[in-house]
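Me: Can you take me through this model and say what backs each label?

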Amino acid sequence: MAEKKTSPDKSQDVWKDTGENVEFATLELTRKDQKATQEGIQDFADRSQSIIRSMRIREPEANLRVAIGFSSKAWDYLFPKADKPKELIDFEGVKGPKYSMPSSEGDIFLHIRANTEAVVYEVTTQFMLFLRDFTKVVNETHGFRYLEGRAIIGFIDGTEVPQVEDIAPYALIGDEDPEFINGSYAFAQKWHHDMDYWNKLNTTTQDKAIGREKFSDLELPDEEKFKNAHNVTSNTSVNGVEQKIVRMNVPYSDPANNDTGTYFIAYSRYWHVIQGMLQQMVDQNDFLLTFSTLLTGQTFFIPSRPLLGKIADGDLN
């Protein structure tokens, strides 16, 4: 049997394109009426794609990008007779000697980004017309592109993420799970930062904490980094081969209330690669954890667009 190859044109938007304005929404199914909810998801799977196509016609310069995902529990409830992606599990948190990363509830995940806030608003509003009757909001976070594409802590984000032309083998499920080919695993995690603590550190200390020069973005020699520098603890390898994922650190802030942080979103072909990275970060006491509080964390499966079409047609029920 010939091996199936991934086709990025059939995937949802699981690439590194942070956008100027970003919406993250995590919803929980109310589970009041399973049949009605299943029918509602079928309708949403269909209408959401029409909404996206319409908005791209209406505002072509907005560069609208959307990813829609389902948790393991949601998959079991919505599609109890269907097979499940091999690595789709509920994130149960990870613990290290000093720090931990908690899990949080969530069934449906929306990641919407565009160059204009009006487009993000309109798409989210239209999506919720079809979701509100059988969901409740667990978390909604509005992100933005910070100066020069930097994370909120001032460092350039995503330098080590492969270019779009090279990313499919890292982002998209392949022949190892052919029923779910061109899908992706997503991990969504919200961090709150003590920015007063961080901003009191001098630039040299910050450089060593991240493992790169803040202004030039050049990587420091290993001997100049802290042992728990972020780009050390988050760099995972298997049998000497570095495991890459698509990662975005999206700033969010309510500055008047001193509520500032990072919404971390990762897309990967394999969930176990993300899981290994998270475990390594807590095992090695990643420096970011010294001034951050972890608020959420959950795993989702991002179906390919053809699979969304099958959901819309009721083929998974």
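**Labels and their cut-offs**

Reply: Let's start with Leu 64, which is found in the loop between H1 and E2; helices (H or I, at least four residues) and strands (E, at least two) are DSSP runs, numbered from the N terminus. This is a predicted model, where local features need pLDDT of at least 70 and side-chain atom pairs count only at pLDDT 80 or more, while totals for chains, interfaces and linings use all residues. Residues are numbered from 1 along each chain as its sequence is written, and side-chain values use heavy atoms, leaving out hydrogens and water.

Me: Why is Leu 64 called buried?

Reply: Leu 64 has a relative accessible area of 2%. Buried means under 20%, exposed over 50% and partly exposed in between (1.4 Å probe, protein chains only), so Leu 64 counts as buried.

Me: What is Leu 64 in contact with, leaving aside its neighbours within four places in sequence?

Reply: Its partners include Asp 13, Ile 52, Met 55, Ile 112 and Val 123. Contact means heavy atoms within 4.5 Å.

Me: Which residues of H9 are buried, and what makes them line one face of the helix?

Reply: In H9 (residues 305-312), they are Leu 307, Leu 308 and Ile 311. Seen down the axis, the buried residues fall within an arc of 105 degrees, so they line one face; the arc is that of the directions from the helix axis to the C-beta atoms.

Me: What covers those buried residues of H9?

Reply: The cover includes helices H1 (34-58) and H2 (72-78), plus strands E2 (65-70) and E13 (298-302).

Me: And what comes just after H9?

Reply: Gly 314, with a positive phi of about 80 degrees.
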